[in-house]
Amino acid sequence: IFILIVAGSILRKPKQEATIAPPEKEIVAYSIGSAPTIKVQAQIEKSGVIKVVAQTPGIVSTVNVTEGQEVSKGTTLVSLSSNYQGGNAASVQREIAFQTNKNAKETYDIQKDLINKQRDLTNKTDNNSDQLRDITSKSIDETKSLLTLNQDIISSLNTTLSSLESTNVGGANDAQILQTKQIISQYQSAVNQLQAGVRTSEYQGAGDKPPADLSNMSKDLTQRQLDLQEKALTLSVEISALQLKLAQIQEGMMYPSSPFVGVIERVYVTEGESVNPGTPLALIHGAQKLKAVARVPRDIAQKISQIDVATLSIDGKSYKTAPVYIST
């Protein structure tokens, strides 16, 4: 029985499946605070050295610096002149521009005040013309009344003349008739003058006639001219200021200066030497900056840390610094 039980358990036991071992994988472990490093070549780039060249033709009149001298920003390195006697046309032009700008600024308020007074005068002249037209219009009624009176007198004299002529027997009224005709002629002349005056007054006093239009047009024209004059005055002051700046820039080209604090390494010119634009004048070096540029494959660049400090080896000396820029 025992044998049968053992044999049955052996027959009923499931068949074990074969196990497959996982592939081996290389694992590199690092302790905290350490990381893999790579050593590459880098190209050193310098900055802070500049060669000052002439920007305008001229003759070196004065060399103001020597090699090895420390200079500050704006220190004049070389003075140039327009001729061998030391004349400087740029300085003369700058002085002319300065005096022109000074005169423009000093006379600006006076000229603007004159323009304002001319504008007031124009307005008052136009108002005076309006008032004269009003006076003329009021005088027309009085002139017409006088004209009516004279016409009435002429009518009465004509009646008297007709009566004298009808009763002139033997020429008894010839003297009175002649005198009456003379009086009528005088009144008629006055009537004609009054009528002409009325017509003239009506023409000049009307607000819709050419005299009024001419007065208004003259006012508008004068006002526009004064506006243009005022703008031209302001523009002249601004242009004179720009011309002064331009003259100062041109004069500055005759006195090349140091662009930064540094040391004169070399002076290329001597006094009396003629230079042209581009002629080297001096070599200056300031606070030099060095930049190490290392070119590596992209997959390596993506793994470089921007936090960990890198070591630069230059001329046998080591410098610690973090990467400033890593390209993506």
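The legends below accompany close-up views of a predicted model of a protein chain.

**Figure 1. Overview of the predicted protein chain and its secondary structure elements.** The protein chain holds five helices and nine strands, and, read from the N terminus on, these elements follow the order α-β-β-β-β-α-α-α-β-β-β-α-β-β. Of the 328 residues in the protein chain, 21% are buried, and the accessible surface of the protein chain amounts to about 24300 Å², with 55% of that surface belonging to carbon and sulfur atoms. Among contacts between residues at least 6 apart in sequence, 73% join residues that are at least 24 apart.

**Figure 2. The open sheet of three strands, with strand order 4-2-6.** The pairing within this sheet is antiparallel. Strand 4 (78-81) and strand 6 (274-275) stand at the edges and have a single partner strand each, so one side of each of these two strands is left without a neighbour in the sheet. Strand 2, which covers residues 58-63, pairs with strand 4 in the antiparallel sense over four bridges, and within this pairing Ile59 stands opposite Ser81 of strand 4.

**Figure 3. The largest pocket and the residues that line it.** The volume of the largest pocket is about 1800 Å³, and its lining is made up of 43 residues, of which Val40, Ala294, Ile304, Ala310 and Pro323 lie nearest the centre of the pocket. Two or more residues of the lining come from each of strand 1 (42-53), strand 7 (280-294), helix 5 (298-301), strand 8 (310-314) and strand 9 (317-321). By residue class, the lining of the largest pocket divides into 25 nonpolar, 11 polar and seven charged residues.

**Figure 4. The hairpin of strand 8 and strand 9, with Asp315 between the strands.** Strand 8 and strand 9 run antiparallel and are joined by five bridges, and one of the residues concerned, Leu312, has Tyr319 in strand 9 as its bridge partner. The hairpin has two residues between its strands, and Asp315 is placed in this loop between strand 8 and strand 9. Most residues other than glycine have a negative phi. Asp315, in contrast, takes a phi near 55 degrees, which is a positive value in a residue other than glycine. With a relative accessible area of 78%, Asp315 is exposed, because the cut-off for that class is over 50%.

**Figure 5. Three residues of helix 2: Ser91, Asp113 and Asn150.** Helix 2 spans residues 89-166 and includes Asn150, which counts as buried because its relative accessibility of 8% falls under the 20% limit. Leaving out residues up to four places away in sequence, Asn150 touches Tyr187, Ala190, Val191 and Leu194. Ser91, also in helix 2, is buried with a relative accessible area of 15%, and with residues up to four places away in sequence again left out, Ser91 touches Glu251 and Tyr255. Asp113 lies in helix 2 as well, but at 37% relative accessibility Asp113 counts as partly exposed. The C-alpha atoms of Asp113 and Glu230 are separated by 10.0 Å, although these two residues are 117 residues apart along the chain.

Figure 6. When neighbours within four places in sequence are set aside, the residues in contact with Ile264 are Val65, Thr66, Glu67, Gly68, Gln69, Val71, Leu77, Leu283 and Ile284. His285 is 21 residues away from Ile264 along the chain, and the C-alpha atoms of this pair are separated by 6.8 Å.

**Figure 7. Thr279 in the loop between strand 6 and strand 7.** In this view, Thr279 and Ala54 are 5.3 Å apart in space, C-alpha to C-alpha, while 225 residues separate them in sequence. Ala54 is also one of the residues that Thr279 touches, together with Val52 and Val53, when residues up to four places away in sequence are not counted.

Conventions. Residues numbered from 1 in each chain as written. Predicted model: local features only at pLDDT ≥ 70, side-chain atom pairs only at ≥ 80, totals over all residues. Heavy atoms only, no water. Pairing = 2+ DSSP bridges. Buried < 20%, exposed > 50% of the residue type's maximum accessible area, 1.4 Å probe, protein only. Contact = heavy atoms within 4.5 Å. Areas by Shrake-Rupley, 256 points an atom, 1.4 Å probe, with all protein chains shown as cover. 1 Å grid on protein atoms, 1.4 Å probe; cavity = no way out; pocket = protein on both sides within 12 Å on 5 of 7 lines; lining within 4 Å. Points joined across faces, edges and corners; volume = space filled by probe spheres on them. Nonpolar A, V, L, I, M, F, W, Y, C, P; charged D, E, K, R; others polar.
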